[in-house]
Amino acid sequence: TSTYFKEGACRIFQKLKPREASDILIQCLNDHDEGVRYHASIAIGALDDFKKVKPLIKKINQKSTDSVLKSELITILGNLGDEKAVDSLINLLRNDMDKFVRHHAARALGEIGNPMLSFALSEIANKEKNTRLHYLALNAVAKIKKNR
């Protein structure tokens, strides 16, 4: 199947938001083409489908997942607010080598909003003094406290 066709299909799914497309889009996250993977992630984010949480967690945990895609998937998980993603997000926040992945993980944890997450975020804020991650972690803690 043509890469352009797959990208186009993902864009159509993004606009139409058919729930039936969820499984197809999850499969597209493993496509050989970066553009297909990216457009699939955007379309997945447009769906409000919690059955996709586990495959997204699996994908962000794979070492082979590039940072751009990983960041997009992290944002989707944060927007969904499903606590199944918490352990993976904390692991990425603490250990990922890409600073943007860590930034997105901090934001996503703030979106999930469980008060138990404040400790991990505060730990990172203290460790990462005077960096963007420091401020993002503090903002996430503030958001969690505000939404209690």
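**Exercise 1. At what angle do α7 and α9 pack, and how many Å apart are their axes?**

The structure is a predicted model, in which local features need pLDDT of at least 70, side-chain atom pairs count only at pLDDT 80 or more, and totals for chains, interfaces and linings use all residues. Residues are numbered from 1 along each chain as its sequence is written, and side-chain values use heavy atoms, with hydrogens and water left out.

*Solution.* 
Step 1. Helices are DSSP runs of H or I with at least four residues, numbered from the N terminus. Axes are lines fitted to C-alpha atoms over the stretch in contact, and angles run from 0 to 180 degrees between N-to-C directions.
Step 2. The angle between α7 and α9 is about 10°, and their axes are 8 Å apart.
Step 3. Angles under 35 degrees count as roughly parallel and those over 145 as roughly antiparallel; α7 and α9 are therefore roughly parallel to each other.
Step 4. Contact means heavy atoms within 4.5 Å. Residues of α7 that meet α9 include Arg-102, His-103 and Ala-106, and their partners in α9 include Arg-132, Leu-133 and Leu-136.
Step 5. By class, this contact of α7 with α9 has seven nonpolar, two polar and five charged residues. Here Ala, Val, Leu, Ile, Met, Phe, Trp, Tyr, Cys and Pro count as nonpolar, Asp, Glu, Lys and Arg as charged, and the others, Gly among them, as polar.

**Exercise 2. Determine whether the length of α7 agrees with its number of residues, and state what covers its buried residues.**

*Solution.* 
Step 1. The expected span of a helix is 1.5 Å times one less than its number of residues.
Step 2. Buried means under 20% relative accessible area and exposed over 50%, found with a 1.4 Å probe on protein chains only. Among the buried residues of α7 are Val-101, Ala-105, Ala-108 and Ile-112.
Step 3. The cover over the buried residues of α7 includes α5, α6, α8 and α9.

**Exercise 3. Describe how α8 and α9 pack.**

*Solution.* 
Step 1. Helix α8 (residues 118-127) and helix α9 (residues 132-146) pack at about 155°, with axes 8 Å apart.
Step 2. The two helices α8 and α9 are therefore roughly antiparallel to each other.
Step 3. Residues of α8 in this contact include Leu-121 and Ile-124, and those of α9 include Ala-137 and Val-141.
Step 4. The contact of α8 with α9 divides into nine nonpolar, three polar and no charged residues.

**Exercise 4. Are Ser-71, Asp-82 and Asn-126 buried or exposed?**

*Solution.* 
Step 1. Ser-71 lies in helix α5 and counts as buried because its relative accessibility is 6%. Not counting residues up to four places away in sequence, Ser-71 touches Phe-100, Val-101 and His-104. The C-alpha atoms of Ser-71 and His-104 are 5.9 Å apart, although 33 residues separate the two along the chain.
Step 2. Asp-82 is found in the loop between α5 (67-80) and α6 (86-95). At 13% relative accessibility, Asp-82 counts as buried. Leaving aside neighbours within four places in sequence, Asp-82 is in contact with Phe-50, Val-53, Leu-77 and Ile-112.
Step 3. Asn-126 belongs to helix α8 and is exposed, because its relative accessible area is 51%.

Definitions and conventions
Parallel < 35°, antiparallel > 145°, perpendicular 65-115°, else oblique.
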